[in-house]
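Subject: Structure for your review

Dear colleague,

Please find below the structure that I am handing over to you. My notes on the findings follow it.

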Amino acid sequence: MCPDTKEATTPGADAPENDSIVVCRNLEKHYRQGAIQVPALRGVDLEIHRGDFATLAGPSGSGKTTLLNMIGGLDYPSAGEIIVDGQDLRALTKSDLAEMRLRKIGFVFQAYNLIPVLTAAENIEFILRLQGVGSRERHERARAALADVGLEGLEDRRPSHLSGGQQQRVAVARALINRPAIVLADEPTANLDTQTAGGLIDLMADLNARHGTTFLMGTHDARVIARSRRHIELTDGRISGDELRNT
Amino acid sequence: MIETLRTLAPLAWRNIWRNPRRTIITLIVVAMGIFSILIFAAFLRAWADSSRDRVLTLMTSSIQIHARGFLDDPTVKHLFEQPSGPLAEALDHPDIAHWAPRLLFPAIVQSEYRTLPVTLVGVDPAREATISVIPANVIQGSYLSGRQDVRIVLGDKNLARLKTRLGKRVVVLAQAADGTLAERGFEVGGVFSGDSEIEGQFAFVALDTAQDMLGTGNKLAEIAIQVPDPDKLPAVVQALRKAAPDLDIRTWKELSPMAAAVDQMMGLIVYVWLWVMFVLMAIGIVNTQLMAVFERIHEFGLMQALGMRPRMIVGIVALESGMLVGLGILIGMGAAAFLISALSGGVDISGFAEGAAMIGAGTMLYPELDPPQIIQLSIVVWVLGVLVALWPARKAAKISPVEAMTHVS
């Protein structure tokens, strides 16, 4: 449930809980700066449903990245409950969290975040290697994933020989290769020019529509927000708005 | 495990070449380290072999028998009878290749110009040739021809000191068995070369002639024995001591403690050197890996964010170190093999003959690489190299993936 929604239609209330990929209940996160505890999240209640194409917006310091980190199992909450695809993340060790990220989460970061010594295809195969997928299947799936994001023929290029937009497409393909329960994208268009950013938004929307992949995107970008079907506002570590939208 | 290695190995290999200059410097450090360890070990082995061979083949042999007290007072007062009975039977031990009787005594050799103190050795030339290389190292004239030969064989160094030459006569003065001064003239019949110390110390005459000169009868001062298999030495000594409990029977290790110490301490010295070199190598390895880790903090965070477990992060850094050190070891081994192969004809250290004699070595060293030792030392260096890299590896594994996320946001 998301108590701070502005609209009468509360997305979390409309869908049954077993359709939820992510459930956050009274989620809190405090960071310590010297002797002072700085709250980053203050009792967030949120549910993300299968197939959502949602944006998470808010001013700098509102807690977007912190919330994405919590959902992605990159950090432990200070208090509250967080369940991803039925797993309570508080009960997982660092190793278990790594395994959960490998199997269930796809990440697209603001910077392109590809491994520089690997080619585009190898960056995607890296996830499959960690999953223990066999060589032939890895190659086929990586090539198919690159074709899916419009990068056919660039499989053997290293990141330094790809444009920013191409690198971000590789990152999207990598995020999707493990068929994740949810893709978390933190400012995915922040470093891209207008045209490239538009292309990336189209791509993610298309993948959501075709494959039903759930996206939760932390962003300031109005174009991304405009394309989302659900928009969540975060202010001072609290959900200040949550609306379903027709795009 | 194999699948993990197959995942990490290509990544590790490419990572070590991300900064070729730093990698090459580290490779040079490791290669030079292993090169110096192997070369040091080879020369030390050569020195030990040379010292042992010098002892075994010049004068000492594997075992010596003396009358008790002779080694403290090597004069005609401490002689023993020609071997007979149990001792003669013990000398037929199957592990004894050869033995030779000797009568050693301090003497003065006098030429027309000079007088020199020497240790005169009465030998049975035929038997002596089976246990010592000196009879074969005669560079002028000939060695003694039989037990009644009346010539003397001098070292090249003493020949020069005495300012005499082949065919000239010298006078030998020594204390006889009855306490009187025995004196006898000898023709210089041969000149031998050996190392400087041996040339300066010993002169050889025929055994019967020496016994006759000193009036010792058939008595001997020493029996030198060759036992080719060093593992059989204790058993032979035991048999001899049992057969002749009244005699002083000692091995070359007891007679030449310096050579024995070199032989025994060699392994230890190599390992001390290994550790010294390894500390230097470790500084290079750790420095390289720490720099590599700190430069890639973001990347390690990313890898963890993507689902790589912390122990795999440790694995990748350790693997990078393993590859780097392994490659350095191969280069160092290759360089050492090349140098040792180039020196296979021996290294002539006769220019340092005095020094060589002081450290117990001969004038030629024959360094060789010992394959089991190479493997052993290389494995030790490789394992240690990987172990020291675990420190930066653990640092890498401890990096929170959030740091990477924070970095980008």
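Which residue in β5(A) is the bridge partner of Ile83(A)? In this predicted model, the partner is Asp88(A). Strand β4 of chain A, residues 79–84, is joined to β5(A) by two bridges, and the two strands run antiparallel.

These strands belong to an open sheet in chain A, made of four strands in the order β2-β1-β4-β5 with antiparallel pairing. At its edges stand β2 (36–49) and β5 (87–88) of chain A; each has a single partner strand, so one side of each is left without a neighbour in the sheet. Helix α2 of chain A, residues 64–71, packs on this sheet and touches β1 (20–33), β2 and β4 of chain A. The direction of α2 makes about 120 degrees with that of β1(A).

Helix α1 (residues 2–16) and helix α12 (residues 310–342) of chain B pack with their axes 9 Å apart, at an angle of about 60 degrees. The helices α1(B) and α12(B) are therefore oblique to each other, and their crossing is right-handed. The contact of α1(B) with α12(B) comprises 13 nonpolar, three polar and one charged residues. From α1(B), the residues involved include Leu5(B), Leu8(B), Trp13(B) and Ile16(B). Among those that they meet in α12(B) are Met312(B), Gly315(B), Glu320(B), Met323(B) and Leu327(B).

Yours sincerely

Technical notes. Residues numbered from 1 in each chain as written. Chains lettered and ligands numbered in written order. Predicted model: local features only at pLDDT ≥ 70, side-chain atom pairs only at ≥ 80, totals over all residues. Heavy atoms only, no water. Axes fitted to C-alpha atoms, helices over the stretch in contact; angles between N-to-C directions. Parallel < 35°, antiparallel > 145°, perpendicular 65-115°, else oblique. Left-handed = near helix turned anticlockwise from the far one by under 90°. Contact = heavy atoms within 4.5 Å. Nonpolar A, V, L, I, M, F, W, Y, C, P; charged D, E, K, R; others polar. Pairing = 2+ DSSP bridges.
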